[in-house]
Amino acid sequence: MAKDSFPNSLTPKLAAAGCRRPDRAAGNIGLLAPDAASRSALESILPTLLSALGRLPDPDLALNNLERFAQKVIDRRFLLGLFRDSPRVLHLALTIFGSSQFLSDIVVRQPQLFEWLLEPGVLQRPKAKEELAEEARRVVAAAPSPERKWTALRRYKSQEILRIGLQDLVGRQNLVGVTEELSNLAEVILGTAYDMCRGDLVRRYGVPRLVREAERGRECGFVILGLGKLGGRELNFSSDIDLIFVYDEDGETTGEDGGAGRVSNQEFFRKLGEMLVRGMSEASPDGHLYRVDPRLRPEGRSGAIAASLRSCEVYY
């Protein structure tokens with residue numbers, strides 16, 4: 001292939017492979033190899049690349065996302081060499097990049113996840129809810145600050161969404177299995193986020209207790225009710241989660257030495273609900289966890305974000 005004709009000479013072949021904008025696709029390929037050394041590795045994979053493009057839902061999308069991904073990789077020549085030596089890896093990358101912009105954005109945002117996908121067993125089986133919960137606890141526990149804990153949890157969620165989505169793309173999961181895993185993941189992320197928020201508030205205000213004579217001193221119960229698709233365990237990749245927060249009854253926290261003093265149970269669980277919704281919904285460079293909709297609570301937007309069990313009984 002003449003040096004001065006590359007990558008424009010690829011335009012007819014890209015059109016034959018199904019690219020709707022072959023000139024732009026050729027430009028994407030050219031940007032994969034900014035120097036002579038990487039150009040040699042690129043040329044060695046072109047036959048496999050062109051052949052694979054014709055079997056993708058959107059070859060233009062695949063090349064655009066492949067080029068975006070390559071820009072984030074530290075060693076471009078290593079990546080192209082990996083594609084040359086392992087066509088299976090190239091096919092895996094193209095499957096992601098040519099089938100789902102959502103999954104492609106995750107890989108571009110966290111390019112190290114592509115290497116993780118290549119580890120033995122990652123795509124071979126679903127994960128049990130207990131396994132997800134243990135992994136989530138580990139990644140959060142390893143983070144040294146509250147902000148980094150939220151970042152770690154967002155990255156873990158993205159990793160698992162990528163795994164589940166790719167299992168779906170390559171046919172290793174049916175619809176029932178995908179929705180089951182997505183629902184398990186959401187429950188695990190929500191539970192882990194709850195533990196983080198509650199732990200922070202307990203350190204500040206102490207444990208919420210009941211004051212009614214028969215129950216005096218007992219810890220106040222609290223439940224998160226999942227409604228809608230979460231409650232029905234029918235989540236998809238873009239579902240919001242509808243939540244209601246309910247606590248047992250009024251009382252107050254025990255207070256903590258060096259903390260912020262005591263607060264009522266109502267105040268404690270209001271803070272907990274607000275902190276949880278904010279942490280789950282907050283956008284960041286790593287994406288967000290879930291969009292949380294608490295408007296189905298008693299009295300909707302005008303009602304307390306966390307309601308006592310008695311107020312729910314009266315309302316419903």
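The following questions and answers explain how terms are applied to this predicted model.

This is a predicted model, in which local features need pLDDT of at least 70 and side-chain atom pairs count only at pLDDT 80 or more, while totals for chains, interfaces and linings use all residues. Residues are numbered from 1 along each chain as its sequence is written, and side-chain values use heavy atoms, with hydrogens and water left out.

Q: Why is glutamine 159 called buried?
A: Buried means under 20% relative accessible area, whereas exposed means over 50% and partly exposed lies in between, with a 1.4 Å probe and protein chains only. Glutamine 159 has 16% relative accessibility and therefore counts as buried. Its place is in helix α10, residues 146-169. Helices here are DSSP runs of H or I with at least four residues, strands are runs of E with at least two, and both are numbered from the N terminus.

Q: What does glutamine 159 touch, not counting residues up to four places away in sequence?
A: Contact means heavy atoms within 4.5 Å. On that basis glutamine 159 touches Leu113, Trp116 and Lys127.

Q: Why does serine 38 count as buried?
A: Serine 38 has 0% relative accessibility, so it counts as buried. This serine is found in helix α3. Apart from residues up to four places away in sequence, serine 38 touches Ala33, Arg77 and Leu80.

Q: How do you know that valine 277 is buried, and where is it found?
A: The relative accessible area of valine 277 is 16%, and it is therefore buried. Valine 277 is found in helix α13, residues 265-281. Not counting residues up to four places away in sequence, valine 277 touches Phe245, Val292, Pro294 and Ile305. Valine 277 and alanine 193 are 84 residues apart in sequence, and their C-alpha atoms are 9.5 Å apart in space.

Q: How does the span of helix α11 compare with what is expected at 1.5 Å a residue?
A: The expected span of a helix is 1.5 Å times one less than its number of residues. Helix α11, residues 175-205, has 31 residues and reaches 44 Å from its first C-alpha to its last, close to the expected 45 Å. Glycine 206, whose phi is positive, near 90°, follows α11.

Q: What makes α11 mostly covered?
A: Of the 31 residues of α11, 22 are buried.

Q: Which residue caps the N-terminal end of α11, and how do you know?
A: A polar contact is a pair of N or O atoms within 3.5 Å; within protein, one must be able to donate a hydrogen and the other to accept it, and residues adjacent in sequence count only if both atoms are side-chain atoms. A side-chain oxygen of asparagine 174 lies 3.3 Å from the backbone nitrogen of valine 176, and asparagine 174 caps this end of the helix. At the start of α5, a side-chain oxygen of aspartate 75 reaches to within 3.2 Å of the backbone nitrogen of arginine 77.

Q: What makes a set of residues a nonpolar core, and how many residues has the largest one?
A: A nonpolar core is a set of buried Ala, Val, Leu, Ile, Met, Phe, Trp, Tyr and Cys residues joined through side-chain atoms within 4.5 Å. The largest has 93 residues, and those with the most contacts inside it are Leu14, Phe83, Phe114, Leu117 and Met280. The largest share of this core, 14 residues, comes from α11. Leaving aside neighbours within four places in sequence, phenylalanine 114 is in contact with residues including Phe69, Phe83 and Val107.

Q: How do you know that strands β2 and β3 pair?
A: Two strands pair if DSSP finds at least two bridges between them. Strand β2, residues 222-227, and β3 have six bridges in the antiparallel sense. With strand β5, residues 292-293, β3 pairs in the parallel sense over two bridges. Strand β6, residues 306-308, runs parallel to β3 and is joined to it by three bridges.

Q: What makes β3 mostly covered?
A: Seven of the seven residues of β3, residues 241-247, are buried. Ile241, Leu243, Phe245 and Tyr247 lie on one side and Asp242, Ile244 and Val246 on the other.
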